[in-house]
Amino acid sequence: MFVDGSIRPKYPLFGKPNETDGSMTLSSLSLEARSQADDPSSLVMRFGADEPLMMDAGIALAPWQIAYQTYGTLNADRSNAVLICHALTGDQHVANDNPVTGKPGWWRTMVGPGRPVDTNRFFVICANVIGGCMGTTGPASTDPATGQPYALNFPVVTIRDMVRAQAALLDRLGIETLFCVIGGSMGGMQVLQWAASYPDRVFAALPIAAAARHSAQNIAFHEVGRQAVMADPDWRGGRYLLEGTRPSKGLAVARMGAHITYLSEIALHRKFGRNFQDRSAPTFSFDADFQIESYLRYQGISFVERFDANSYLYVTRAMDYFDLAAEHDGSLARAFKGSATRFCVISFTSDWLFPTSDSRAIVHALNAAAASVAFVEVESDKGHDAFLLDEPEMFAAACGFIDAAARVRGIA
Amino acid sequence: MAPSLAVPTTDTLTGHRLDFLLVADMVEPGSRVLDVGCGDGALLSLLRERRNVDGRGIELSREGVNACLAKGLPVIQGDADTDLADYPDDAFDYVILSQTIQATRQPRVVLEHLLRIGRRAIVSFPNFGHWRVRVDLALRGRMPVTENLPYSWYDTPNIHFCTIRDFVELCREVGAQMEKAVALNAGGKPMQVSLPWWVWNLLGYQGVFLLKRG
């Protein structure tokens with residue numbers, strides 16, 4: 001697919017081609033990622049054979065486990081718990097250094113001491129989603145029945161399954177009500193599902209850059225990504241872990257394509273333009289002449305070292321299946337009928353993956369259900385990724401909403 | 001906050017705007033209220049404190065929305081001209097349009113939505129029939145630009161000024177029933193109810209109307 005040129009760009013190609021036969025070898029990083037699937041470097045709650053997770057696919061998954069992190073202290077009333085829901089490729093390491101990549105937690109700007117979700121004040125929980133690959137049961141986990149990874153024998157997961165798993169975790173932790181559920185993108189989908197499935201357990205909900213259903217365009221992008229993974233001969237029908245291969249090229253291409261959808265045209269142009277990468281003229285080859293090519297290749301390479309390809313298939317599928325209105329006879333308002341939850345919906349002007357119109361549809365439904373809802377559209381040219389970045393307007397809105405809700409809830 | 005013809009006059013004791021206090025008096029305690037163009041949420045806060053309302057807001061500016069969020073007010077960033085259509089019928093007991101109708105693109109459509117969404121509508125607006133405005137136009141031959149009305153004709157957000165009489169005529173056209181009508185003088189105080197319309201139209205700085213579907 002991508003031919004290695006003689007001039008080495010800054011971020012050369014996928015994986016580390018073996019000198020002799022060109023096959024991929026596994027880096028220590030991806031081996032570390034692999035070990036996280038069963039034995040995560042975080043807290044983990046285990047559910048036995050008699051405590052199955054009832055999944056939408058009609059499967060009772062047991063035994064199963066959910067990997068999570070907590071920050072801060074639960075107060076005596078147990079009223080200050082905040083659940084953070086992560087996006088497609090996120091994990092439970094929201095505010096601590098990631099054990100695989102060594103990079104800071106993925107939402108350090110939002111969660112931490114003195115941040116909008118202040119860990120000096122709130123007891124923050126973040127769990128890896130069901131179907132994930134960072135310690136919650138998923139396709140990379142070992143199936144106790146066979147002693148081998150589940151691979152494609154794992155049932156297809158849904159956003160509702162993810163939320164059910166989180167609810168089971170909270171039951172175990174003795175937390176009846178969440179003060180707030182917060183998440184962006186797929187995390188926002190979980191926030192909406194929480195509010196619909198467990199209205200009495202959610203005092204406040206903050207879905208950011210989210211939608212109540214995945215659009216045809218978004219399903220289309222996901223399908224391209226999945227086909228890239230499955231077209232890689234090293235995917236081996238999903239059995240790559242057993243056969244000692246990795247569909248790194250396919251997964252990297254999937255990530256490259258997806259990454260474009262997280263940005264905006266204007267942000268790409270500002271950051272890269274048509275600039276050349278370490279050269280002053282085209283090489284008349286298919287090498288990464290342009291900075292944007294080099295950047296995307298880097299995104300692809302770094303992703304495959306930390307993420308499981310089958311997990312990518314499952315979690316993208318969960319997003320595709322998400323349609324909250326469909327669960328309520330086609331009426332989104334019905335999903336929130338009688339809800340006492342306080343909602344704050346945030347979108348970004350340049351987000352074309354989860355555009356403001358998606359957020360407005362949520363707001364309209366909440367209005368029709370007479371729910372309490374605030375809505376802010378943040379001016380940003382950074383696209384969908386804006387929710388993960390330093391966006392002062394988003395922090396101001398989140399802070400105002402969370403602080404006011406905490407006053408009503410009586411949280412010091 | 002939509003620019004006002006009259007500088008808002010405040011109650012010296014409480015600091016609340018007099019026109020807001022007047023609006024608050026029109027709202028039944030414990031009702032559901034939507035404030036369209038709610039600015040920083042001052043009126044909604046007042047209504048929550050004094051009338052124990054379940055208040056919601058729509059506001060165009062992000063600064064306004066953020067100020068409302070910090071007060072714990074559920075306010076949606078949106079536009080009266082485009083977003084009212086999405087609200088169901090009879091969703092609120094009162095829909096308030098305070099000092100905003102003159103800045104909308106389609107005042108008549110907006111008014112019709114107010115009457116559809118709310119069982120009652122409360123509309124307040126600056127009176128363009130006030131004698132100082134008339135003097136400016138009649139004697140100077142210029143669109144009025146004063147301390148109270150600082151915009152030039154070409155950059156004003158107030159694109160649909162009307163007089164109290166104009167508004168009364170619009171209410172008749174859309175079939176709205178006037179339950180209460182009050183004109184506020186330059187000091188922000190209600191004028192005598194017994195005065196004829198033409199006096200209100202000449203001396204009133206603002207009109208405040210409580211309306212109901214006809």
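Of the 412 residues of chain A, 52% count as buried, and this holds for a predicted model. Chain A contains 12 helices and 14 strands, while chain B contains 8 helices and 7 strands. The two chains meet at an interface in which 23 residues of chain A are in contact with 15 residues of chain B.

**Overall dimensions of chain A**

- The radius of gyration of chain A is 21 Å, close to the 22 Å given by the globule rule for 412 residues, so chain A is as compact as a globular protein of that length.
- Taken along its principal axes, the C-alpha trace of chain A spans about 65 × 50 × 40 Å.

**Overall dimensions of chain B**

- With its 8 helices and 7 strands, chain B has a radius of gyration of 16 Å, close to the 17 Å that the globule rule gives for 214 residues, and it is therefore as compact as a globular protein of that length.
- The box filled by the C-alpha atoms of chain B, again along the principal axes, is roughly 50 × 40 × 35 Å.
- Of the 214 residues in chain B, 47% are buried, and among its contacts between residues at least 6 apart in sequence, 67% join residues at least 24 apart.

**The side of chain A that touches chain B**

- In the interface between 23 residues of chain A and 15 residues of chain B, the elements of chain A that give two or more residues to its side are strand E13 (342–348), helix H11 (356–368), strand E14 (372–378) and helix H12 (392–409).
- Helix H12 of chain A supplies the largest share of that side, namely 10 residues.
- By residue class, the side of chain A that touches chain B comprises 14 nonpolar, 4 polar and 5 charged residues.

**Helix H11 of chain A**

- Helix H11 of chain A has 13 residues and reaches 18 Å from its first C-alpha to its last, which is close to the 18 Å expected at 1.5 Å a residue.
- The buried residues of H11 in chain A are A:Thr356, A:Asp358, A:Ser359, A:Ile362, A:Val363, A:His364, A:Ala365, A:Leu366 and A:Asn367.
- The cover over these buried residues includes, from chain A, helix H3 (186–197), strand E12 (202–208), H10, E13 and E14, together with strand E3 (75–77) of chain B.
- After H11 of chain A comes A:Ala370, whose phi is positive, near 60°.

- Strand E8 of chain A is mostly covered, with 5 of its 5 residues buried.
- In a regular strand the side chains alternate between the two faces of the sheet.
- In E8 of chain A, A:Phe123, A:Ile125 and A:Ala127 point one way and A:Val124 and A:Cys126 point the other way, all of them being buried.
- Strand E4 (residues 64–71) of chain A pairs with E8 in the antiparallel sense over 4 bridges, and A:Gln69 has A:Cys126 of E8 as its bridge partner.
- Strand E5 (residues 81–85) of chain A runs parallel to E8 and is joined to it by 4 bridges, and the bridge partner of A:Leu83 in E8 is A:Ile125.

- A:Thr137 lies in the loop between strand E8 (123–127) and strand E9 (142–143) of chain A, and it counts as buried because 28 C-beta neighbours fall inside 10 Å, where 20 or more are required.
- Apart from neighbours within four places in sequence, A:Thr137 is in contact with A:Leu61, A:Trp64, A:Gln65 and A:Ile130.
- A:Thr137 and A:Leu31 are 106 residues apart in sequence, and their C-alpha atoms are 18 Å apart in space.

**A:Arg334, in helix H10**

- A:Arg334 is found in helix H10 (residues 332–335) of chain A, and it is partly exposed because 17 other C-beta atoms lie within 10 Å, a count between the limit of 12 or fewer for exposed residues and that of 20 or more for buried ones.
- Leaving aside neighbours within four places in sequence, A:Arg334 is in contact with A:His328 and A:Asp329.
- A:Arg334 and A:Leu324 are 10 residues apart along the chain, and their C-alpha atoms are separated by 9.7 Å.

Note on methods
Residues numbered from 1 in each chain as written. Chains lettered and ligands numbered in written order. Predicted model: local features only at pLDDT ≥ 70, side-chain atom pairs only at ≥ 80, totals over all residues. Contact = placed C-beta atoms within 7 Å. Nonpolar A, V, L, I, M, F, W, Y, C, P; charged D, E, K, R; others polar. Rg over C-alpha atoms; globule rule 2.2 N^0.38 Å. Expected span 1.5 Å × (residues − 1). Pairing = 2+ DSSP bridges.
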